[in-house]
Amino acid sequence: MKWRKKQHKPAPAVAESHPESASNNNDEDLGSDKISLNEFKDEDEVQCDSHNQPDIIAKRETQQIFRLRVLVFSVLFLSMALVSVLTYYYTSTSEQTDFEEAFHDNAGKVLQALGASLDKAIAGVDAFVISILSHARETNQTWPFVTVPDFEARSTKFLALTKAMVFILYTLVTQETRLEWEQYTQQHGRDWTSKSMDYLERNNLFQDVYRARNITQYLDFIYDYSTLDGDNPKGLPYTNPGPFLPSWQTAPLIPTTAVYNWDLATVVDNTSVLKCLEVHKVTLSKAYHIAYPGDSSLDAENQAWADYFSPFITTGENPMEPLSDLYYPIIEDAVDWRNVRGDPNYDPSKHRVVGIFAQSVYWRDMIKNLLPDGMIGILAVFESPCNPVFTYEINGQSVKYLGVGDFHDSRYKDMEMSSTLQNLNKFDVGEIAYSYVPLEQDTCPWTVRVFPSAKFEARYKSTNPIIFTVVAALIFIFTTTVLVFYDRYVERRQHIVMESAVRSDKIVSSLFPSNVRERLYHEEQKERNNTNRQRAFLSNQDSNNKTPDMEDVKSPPIADLFPAATVLFADLAGFTSWSSTRDPVQVFTLLETLYGAFDKAAKRSGVFKVETIGDCYVAACGVPEARRNHAVVMARFAAECRACMNT
């Protein structure tokens with residue numbers, strides 16, 4: 001092996017390179033005073049820059065891309081969640097608002113219609129009573145000896161108006177007038193009952209079950225209602241000192257029992273009757289046909305009343321549903337007053353009540369035909385301290401009796417709309433239609449509470465909030481999926497570009513030291529910017545057609561001066577003749593093993609490997625970083641290389 005070592009000391013060494021031909025100036029004049037910078041490389045820089053730095057850059061870029069990807073997908077996920085929640089909130093809130101507004105509107109209609117029905121019921125009785133009083137005055141009849149002609153015909157019209165099941169006229173009889181009254185009923189009772197039955201038969205108003213029946217027994221005396229068993233009164237003689245309220249004319253007339261002279265004052269619970277006589281106000285009785293919890297004693301009585309009322313109701317309706325009696329006081333001088341109770345100083349003691357006009361009304365008939373078809377599931381809860389609570393469900397034009405108890409759902413308790421019967425007029429836009437005999441509620445005050453139900457809510461609640469929310473989420477999922485595919489595509493392209501860049505960087509790193517490489521990159525970027533400026537100038541040149549200065553485009557060469565450096569040329573003696581008789585694999589194996597050992601020694605010594613040309617190994621010391629002991633280091637390196645040949 002032949003060694004050639006050339007030391008340049010005091011003559012300066014100039015390393016030259018140009019971006020266009022940075023790797024072309026290899027060793028044209030190694031013996032001259034100028035040494036090309038491109039021929040010198042620090043092995044430490046080569047190893048670090050060509051292997052570690054590209055990998056570090058790639059890893060750093062990958063981490064940044066990963067963080068950006070996590071950020072983007074996090075923003076997308078949060079946006080999807082936020083939009084989904086807002087979509088569900090606004091759609092469900094809109095439905096809830098529609099539901100609440102619809103309920104309050106329909107609940108107001110229920111209370112308004114109930115008030116109007118009650119108003120009409122009292123107004124109808126009021127008009128009927130005034131007509132009775134007027135007839136009695138015109139015919140010079142004195143109370144209680146008053147019989148209304150065509151009572152059945154007149155009552156038929158008012159029954160339809162007031163939605164009542166039955167009208168009953170009760171006259172007030174004292175102990176002094178009792179005997180005269182019983183004689184009066186004996187003279188006139190058969191006459192008016194016969195005319196009523198003829199009217200019913202003539203107008204086909206009799207139900208089949210009563211068509212062939214006749215009144216077989218007339219009781220021309222006042223008797224205790226509680227002693228009535230079918231057509232047979234018991235417990236006679238009736239010794240109550242009075243006053244008495246014997247029933248007189250009834251419409252419609254049903255030939256099932258003795259049709260008149262049973263005493264209303266003997267009803268089991270006559271509190272409302274007595275209150276009507278006392279205060280001269282309309283009173284509403286407790287509801288009957290209600291099964292009181294734990295009290296089976298009323299079952300038989302309720303069934304008896306149901307049998308009595310069953311001929312009056314529409315076929316298919318249940319006679320055992322709750323109903324109440326409305327008692328209207330017949331004030332003798334009411335015909336002389338426009339508003340008999342309009343005077344706030346009205347004194348009941350100065351006016352005479354001569355009887356009571358009663359009507360029996362099913363509560364269901366008061367709330368029928370209120371809402372349009374399709375408005376289903378509104379609950380009306382009726383409360384009074386005189387009887388148990390009961391509940392009706394209003395479904396459009398029809399109603400359904402749910403039974404005794406409050407059946408509203410506790411979920412809707414905050415949506416309750418309620419009113420007492422006295423205050424129902426606040427929901428009615430019309431004026432009071434009767435002559436101001438007010439409704440008394442101190443005895444059995446009634447309260448109506450209206451609630452929605454799940455049926456009603458279902459009309460306004462739908463799956464739209466869920467559907468809209470799912471659609472919004474699917475849009476984001478679709479967008480995210482497309483972005484994922486795009487990201488994978490970009491990532492693959494980025495990986496290819498990164499691998500290409502790393503390979504290119506390794507090639508450049510193997511040819512140039514790190515400081516030269518960085519300057520080459522800098523000059524390349526500068527040249528690219530100049531090119532961009534030139535293009536911009538050419539596209540926006542002025543009327544003088546000026547051309548860019550080429551000095552701004554052309555970059556200066558990269559050249560550094562190294563005053564002192566040592567260059568080593570190591571040749572393998574006899575390599576040419578030896579390699580001519582060997583296989584290429586053997587030749588390559590020899591050079592790879594030998595140069596690998598030289599490279600390790602150069603790295604340990606801090607010597608910069610320039611290149612290998614065949615069997616020639618070129619190295620330098622003092623470039624690209626100056627060293628004062630470059631010659632000594634190079635000599636030690638040469639000795640170490642000689643030692644490698646002997647191992």
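Below are my entries on a surface patch, a strand and a serine.

Entry one, the patch. I kept in mind that this is a predicted model. I looked for nonpolar side chains at the surface and found a patch made of Tyr-88, Ile-466, Val-470, Leu-474 and Ile-477. Together they have about 450 Å² of accessible area. Which element gives the largest share of the patch? It's helix α9, residues 464-511, with 4 residues. I picked out Ile-477, which is found in α9. Its relative accessible area is 41%, so Ile-477 counts as partly exposed.

Entry two, the strand. Is strand β17 (residues 447-452) largely enclosed or open? I got 5 of its 6 residues as buried, so the rest of the structure largely encloses β17. Then I checked its partners. Strand β12 (residues 376-384) runs antiparallel to β17, with 6 bridges joining them. Strand β15 (residues 417-420) is also antiparallel to β17, joined by 4 bridges.

I went on to Ser-384, which lies in β12. Is Ser-384 buried or exposed? Its relative accessible area is 8%, and the cut-off for buried is under 20%, so I noted Ser-384 as buried. What does Ser-384 touch, leaving out residues up to four places away in sequence? I found Cys-444, Pro-445 and Trp-446. For Pro-445 I also noted a distance: its backbone oxygen lies 3.4 Å from a polar atom of the Ser-384 side chain.

Key
Residues numbered from 1 in each chain as written. Predicted model: local features only at pLDDT ≥ 70, side-chain atom pairs only at ≥ 80, totals over all residues. Heavy atoms only, no water. Patch = residues over 30% accessible without salt bridge, like charges linked within 9 Å, V, L, I, M, F, W, Y side chains within 5 Å. Areas by Shrake-Rupley, 256 points an atom, 1.4 Å probe, with all protein chains shown as cover. Salt bridge = Lys/Arg side-chain N within 4 Å of Asp/Glu carboxyl O. Buried < 20%, exposed > 50% of the residue type's maximum accessible area, 1.4 Å probe, protein only. Pairing = 2+ DSSP bridges. Polar contact = N/O pair within 3.5 Å; in protein donor to acceptor, adjacent residues only side chain to side chain. Contact = heavy atoms within 4.5 Å.
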